[in-house]
Amino acid sequence: SATNRLKIATIPGDGIGREVVPEGMRVLEAVGRRFDIAFQFDEVDWSCDYYKKHGRMMPENGLDQFRQHDAVFLGAVGWPEVPDHVSLWGLLIPIRRDFNQYVNLRPVRLLKGTTSPLANRGPEDIDFYVVRENVEGEYSEAGGRLYRGTENELAIQESIFTRRGVDRVLRYAFELARTRPRKQVTSATKSNGIIHTMPFWDERFAAMKADYPDIATSQYHIDILCAHFVQHPDWFDVVVGSNLFGDILSDLGPAVAGSIGIAPSANINPEGDFPSMFEPVHGSAPDIAGKGIANPIGQIWSAAMMLEHLGHKDAADAVIAAMETVIADPASRTRDMGGKAGTAECGEAIASVISAG
Ligand code: NAI
Ligand code: MG
C-alpha cells in the first residue's frame, strides 16, 4: 500500500542534471499538493565536482544513509575532466549493485505531440517497454589481460549468467506483461553465435513461459531484433534482454520514439528491499550545460515512473497527461523539440497544468 510521506534521496550530479532535477522536484511538489503526497528531498552533491575535491565520487559508505529511503532521484553523472569509467563505476554502478536494482526499465512510447524519426508512425504504433538485466551478464569484472604491450597481448572478458539472475529478470518481464493489454513478451537472444550463455538464457525463457500460459511470447536474435525495432515497432509490448543486449535496445528504443531529452528510465529492486533509482536516459550534456535550455521532460517522466513504482499510479498518470498537454503547445517546447522555451519555463508549464487539474 502506498504511503503519503516519501523520503527521496536526490542526486542532481553534473551538467544539466543540476538544471533538470529541480524541474522534476517542482513537478513532484505540484502533483503532491493535488494528490496529498508529502516529499522529503535529501540532496547530496555527489558528482565529478565532488570527485575533483575529494578524489572519489561519493563518501565511503555514502549509500548507507539512503538504505531506508523510498527512492533515489538522479539527474546525470559525468564531466569531461573525469574519465567516464571513473564516474560510472564510482557512483552509478555502486548504487545499482548495492541496492540490487537488477531490472533496468525503459518505456518506449511516442508521446502525443512528438514526432518519431520513423516515417508515418503515431503514438498508437510505439508503446512498449525494454526490460534490461542490470547487475550481471556481459558487464562483469571477471577476466583479465596478459602480456600487455607485446605481440602476445591478450584480453579475456567473461560473462556471468546465473539461473537466479536470469530467472528474476525474466519473471519481472512476464509480470509486467500481465499488467498490459497486449500481454506479450519478446526475448532478445543470440544463441546461434554465443553458444553457452545464450542457449542457457533461451532455456530459462522457455521454462518461465510455461508458468505464464496467458502471455504470448516471441524471441529474436539481437541483430534482426534491432532491425524490427525500426521497421516494426508496433510488434512489441515487453522486450527482455541481458545486460548488453538490453543496453543496446534501451537506447535504440527511445531513439525511435523521439528526442533523447524526453526518455526516462528506472533501476528497480522489485522486492523493495532497497530503494529503486529513477533517472533520465540522457547524460550531463556538457555542450548545453549552464544555458538553461535543456529539456526537463526526461527527468519529469522519470519522476512519474517513481510515483508509479511507489504506488501512486493516479499521480503518475497526471504527470504524463500534463507532459502531453505541454508538448502539444509549441511555445512550451524546448529547443531540441523545435521550440524556444527554457528548462524552467517547460517545467513550470507542466507543474501549472497539474495544479490546474
Ligand atoms: P548526453 O546524453 O549528455 O548528450 C548527447 C546529446 O544530446 C548532446 O548533444 C546533448 O546536448 C543532447 N541532450 C542530452 N540531454 C538533453 C536534454 N535534456 N535536452 C536537450 N538536449 C539534450 O550524452 P554524452 O554527450 O555522450 O555524455 C555526456 C556525459 O554524460 C558523459 O560524461 C557521459 O558519461 C555522461 N552520461 C551519463 C549518463 C547517466 O548519468 N546515466 C548517461 C549518458 C551519459
Ligand atoms: Mg546505454
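Predicted model: local features only at pLDDT ≥ 70, side-chain atom pairs only at ≥ 80, totals over all residues.
Residues are numbered from 1 along each chain as its sequence is written, and chains are lettered from A and ligands numbered from 1 in the order in which they are written.

Reader: Which strands are the edge strands of the sheet?
Author: Strands here are DSSP runs of E with at least two residues, and helices are runs of H or I with at least four, both numbered from the N terminus; two strands pair if DSSP finds at least two bridges between them. The open sheet has 10 strands with mixed pairing, in the order S2-S1-S3-S12-S11-S4-S5-S10-S8-S9. Pairing on one side only marks the edge strands, which are S2 (38–43) and S9 (216–221).

Reader: What angle does the direction of helix H7 make with that of strand S5?
Author: Axes are lines fitted to C-alpha atoms, for helices over the stretch in contact, and angles run from 0 to 180 degrees between N-to-C directions; residues are in contact if their C-beta atoms, placed from the backbone, lie within 7 Å. Helix H7 (residues 243–256) packs on the sheet and touches S4 (103–109), S5 (127–133), S8 and S10. Its direction and that of S5 make an angle of about 155°.

Reader: How many residues of S12 are buried?
Author: A residue is buried if 20 or more other C-beta atoms, placed from the backbone, lie within 10 Å of its own, exposed if 12 or fewer, and partly exposed in between. Both faces of S12 are covered, with Ser276, Phe278 and Pro280 buried on one side and Met277 and Glu279 buried on the other. The count of buried residues in S12 is therefore 5 of 5.

Reader: Is Tyr147 buried or exposed?
Author: Tyr147 is found in the loop between strand S6 (143–146) and S7, and its phi is near 55°, a positive value in a residue other than glycine. Because Tyr147 has 9 C-beta neighbours inside 10 Å, it counts as exposed.

Reader: Is Ala285, which also has a positive phi, buried or exposed?
Author: Ala285 lies in the loop between S12 and H8, and its phi is about 45° although it is not a glycine. Because 22 other C-beta atoms lie within 10 Å, Ala285 is buried.

Reader: What distance separates the C-alpha atoms of Ser159 and Gly137?
Author: Ser159 sits in the loop between strand S7 (154–157) and helix H4 (163–178), and it is partly exposed because it has 18 other C-beta atoms within 10 Å. Leaving aside neighbours within four places in sequence, Ser159 is in contact with Gly137, Glu138, Ser140 and Thr197. Although Ser159 and Gly137 are 22 residues apart along the chain, their C-alpha atoms are separated by 5.1 Å.

Reader: Which residues come nearest to ligand 1?
Author: A residue is near a molecule if its C-beta atom, placed from the backbone, lies within 6 Å of it, and 21 residues are around ligand 1. Those that come nearest are Gly78, Gly261, His282, Gly283 and Asn295.

Notes:
Contact = placed C-beta atoms within 7 Å.
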